[in-house]
Amino acid sequence: MHSHLNVDQLVMVRDRQRLNRLRKGKDANSEQYQKLFDQSNHKVRERQSRLPTIKLNQDLPVSQYAEKLIAAIQKHQIIIVAGETGSGKTTQLPQIAMLAGRGLTGLIGHTQPRRLAARSVSQRIAEELGEKLGKTVAFKVRFNEEGSQESILRLMTDGILLAELSHDRYLNKYDTIIIDEAHERSLNIDFIMGYLKQLFSRRKVLIVIITSATLDVKRFSNYF
């Protein structure tokens with residue numbers, strides 16, 4: 001299964017602020033704008049060409065809702081997914097996000113509360129995609145990192161994402177953030193969600209997916 005998103009007008013998240021400045025400038029900048037736009041769009045096309053073929057695990061309950069989830073991701077800025085342990089949220093949602101066209105203009109960042117979980121989940125998703133870890137799927141934990149600039153999905157601890165906010169306050173490296181195990185309600189997760197809520201007005205195309213086995217959906221929906 002592949003994403004069939006039209007990428008003709010897509011540019012990398014990290015280039016958007018500069019492109020907006022050039023577009024608001026004088027006509028003398030038009031050549032510079034077009035050059036940067038073409039370079040950025042070419043990068044998006046390259047990322048799309050490297051997307052693996054995705055075969056969702058149909059034995060997992062979440063995969064039965066793939067089309068609805070893809071539609072929701074393409075329509076809404078925040079999606080809240082609640083499902084029982086073992087329903088496949090952790091491994092299938094990042095792949096569903098790719099099918100929805102995410103990961104082309106920046107990384108899909110997928111947080112886990114613990115380092116071991118980040119490492120094991122990244123390995124499992126890479127295996128499902130038929131790839132070695134570090135290609136499409138990367139991971140980053142304290143003192144350990146594997147992946148490249150070409151990676152589409154990055155598993156990490158919520159502490160790593162929180163640390164990145166100190167030098168990338170708009171999270172321009174990412175076009176999608178998945179907060180997994182949100183019911184754990186650690187201080188890190190609470191701070192990240194508070195920050196993301198404020199960031200929505202600055203990052204109109206940032207998609208946030210919050211998921212958990214036991215989640216008060218109405219409470220989270222009201223918060224956002």
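The model is predicted: local features need pLDDT of at least 70, side-chain atom pairs count only at pLDDT 80 or more, and totals for chains, interfaces and linings use all residues. Residues are numbered from 1 along each chain as its sequence is written, and side-chain values use heavy atoms, without hydrogens and water.

Helices (H or I, at least four residues) and strands (E, at least two) are DSSP runs numbered from the N terminus. Tyrosine 33 and phenylalanine 37 are four residues apart, about one turn, in helix H2 (residues 30–49). Both are buried, that is, under 20% relative accessible area, where exposed is over 50% and partly exposed in between (1.4 Å probe, protein chains only).

Two further residues are also described.

| Residue | Element | Relative accessible area |
|---|---|---|
| Glutamate 164 | H6 (residues 158–164) | 2% |
| Leucine 153 | E5 (residues 153–157) | 0% |

Beyond its neighbours within four places in sequence, glutamate 164 is in contact (heavy atoms within 4.5 Å) with Lys140, Arg154, Lys173 and Tyr174. With the same exclusion, the contacts of leucine 153 include Pro94, Met98 and Ile125. The C-alpha atoms of leucine 153 and glycine 109 are 6.1 Å apart, although 44 residues separate the two in sequence.
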